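Me: I am new to this structure and would like to learn how to read it one feature at a time. Could you take my questions in turn, giving the general idea and then the case at hand?

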Amino acid sequence: TGDKLNNFEEILNETNNAAEEVLQSPIKATNEKLCQKLSQVEETGPTALGPALLSSIALASKGKKGSKVIICTDGLANVGLGGIEDCVTEEEKQECFRFYEKIGDIAKNEGVSISVISMVSEDCRMDMLAPLAEMSSGELLQVDPEHLHENFASILSDDVVATHVKVRVKLHKGLQFRNEEEGTLNEDKSLLIREIGNANEGQEITFEYSLKSSKALKEMKD
């Protein structure tokens with residue numbers, strides 16, 4: 001509460017300290033208590049999405065690799081870290097975007113996938129939340145509330161089959177990748193090394209390539 005919602009390290013430390021107690025029992029032993037807690041939750045206006053997300057990732061990282069965090073929201077994050085509603089200037093928007101990018105990076109490194117579900121017609125600024133799903137190999141969905149259970153079932157059925165995945169793609173030396181970050185390319189742009197992180201069954205990656213320049217081809221040795 002209060003200032004704690006704006007303190008990244010404090011939220012992380014408190015969650016880590018409580019993790020052992022919170023996760024000591026399996027869901028079959030705690031489901032009744034969890035259902036009671038959920039039934040007591042009341043909507044009061046503020047949406048502390050950032051702090052809740054950080055705590056969830058910290059808890060999920062203590063479980064097995066491939067754990068999932070599913071965010072279901074019908075409004076803008078407007079309290080604490082990652083507050084989107086008050087981002088007016090470009091600098092504020094970039095700072096907010098970097099926060100969610102940082103969370104996505106933590107999730108990828110911990111082998112946790114994040115999926116974000118928002119309600120259709122609600123302004124949740126999915127563009128800000130996109131890095132969460134993209135970096136952790138989760139899903140980004142806008143759904144009709146009537147079909148929410150179907151989307152939950154779909155996300156839960158898409159298991160993470162590997163974590164900390166790194167893909168290496170090597171082209172013929174007369175070809176080069178294009179539209180890739182310079183830091184991912186080697187061997188005169190003929191070798192691509194891409195950090196995937198979490199991988200799901202059926203996941204695909206795409207890339208573009210082209211011929212090297214005529215000059216480079218002429219100078220090439222067999």
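Predicted model: local features only at pLDDT ≥ 70, side-chain atom pairs only at ≥ 80, totals over all residues.

Me: Is F207 buried, partly exposed or exposed?

Reply: Here the reading rests on relative accessible area, where buried means under 20% and exposed means over 50%, with partly exposed in between. F207 has 31% relative accessibility, so this residue counts as partly exposed.

Me: Which residues make a nonpolar surface patch with F207?

Reply: The patch is made by I205, F207 and Y209, and its area is about 250 Å². As for how F207 lies relative to another part of the chain, F207 and E9 are 198 residues apart in sequence, while their C-alpha atoms are 37 Å apart in space.

Me: Let me step back to the whole chain: how many helices and strands does the secondary structure come to?

Reply: The chain has seven helices and eight strands. Its C-alpha trace spans about 70 × 45 × 35 Å along the principal axes, and buried residues make up 34% of the 222 residues.

Me: Which strands pair with β2, and is the sense parallel or antiparallel?

Reply: Strand β1, residues 68-73, pairs with β2 in the parallel sense over six bridges, and within that pairing I70 has S115 as its bridge partner in β2. Strand β3, residues 140-143, also runs parallel to β2, and four bridges join these two strands; here S118 stands opposite Q142 in β3.

Me: What is the order of the strands in the open sheet of three strands?

Reply: The order is β4-β7-β6, and the pairing is antiparallel. To find the edges one looks for strands that pair on one side only, and these are β4 and β6. Between β4 and β7 the antiparallel pairing runs over eight bridges, with K170 standing opposite L191 in β7.

Me: K170 has a charged side chain, so to speak of charges next: which residue meets K170 in a salt bridge?

Reply: A salt bridge is read from the distance between a side-chain nitrogen of Lys or Arg and a carboxyl oxygen of Asp or Glu, which must be within 4 Å. The side chain of E187 meets that of K170 in this way, with a distance of 2.2 Å from N to O. Because E187 lies in the loop between β6 and β7 while K170 is in strand β4, the pair ties together parts that are 17 residues apart in sequence. E187 counts as partly exposed at 46% relative accessibility, whereas K170 counts as exposed at 56%.

Me: How many salt bridges does the count come to?

Reply: The count comes to seven salt bridges. Another of them joins R194 and E180, whose closest N and O atoms are 2.6 Å apart. That pair links distant parts of the chain, with R194 in strand β7 and E180 in the loop between β5 and β6, 14 residues apart.

Me: Which residue forms a salt bridge with D188?

Reply: The partner is K212, and the closest N and O atoms of this pair are 3.1 Å apart. D188 is in the loop between β6 and β7 and K212 in the loop between β8 and α7, so that the pair links parts of the chain 24 residues apart.

Me: Which residues form the negative surface patch?

Reply: That patch is formed by E85, D86, E91, E92 and E95. One of these, E95, has its place in helix α4, residues 90-110, and at 53% relative accessibility E95 counts as exposed.

Methods: Residues numbered from 1 in each chain as written. Heavy atoms only, no water. Patch = residues over 30% accessible without salt bridge, like charges linked within 9 Å, V, L, I, M, F, W, Y side chains within 5 Å. Areas by Shrake-Rupley, 256 points an atom, 1.4 Å probe, with all protein chains shown as cover. Lys, Arg positive; Asp, Glu negative; His and termini not counted. Charge placed at Lys NZ, Arg CZ, Asp CG, Glu CD. Buried < 20%, exposed > 50% of the residue type's maximum accessible area, 1.4 Å probe, protein only. Pairing = 2+ DSSP bridges.
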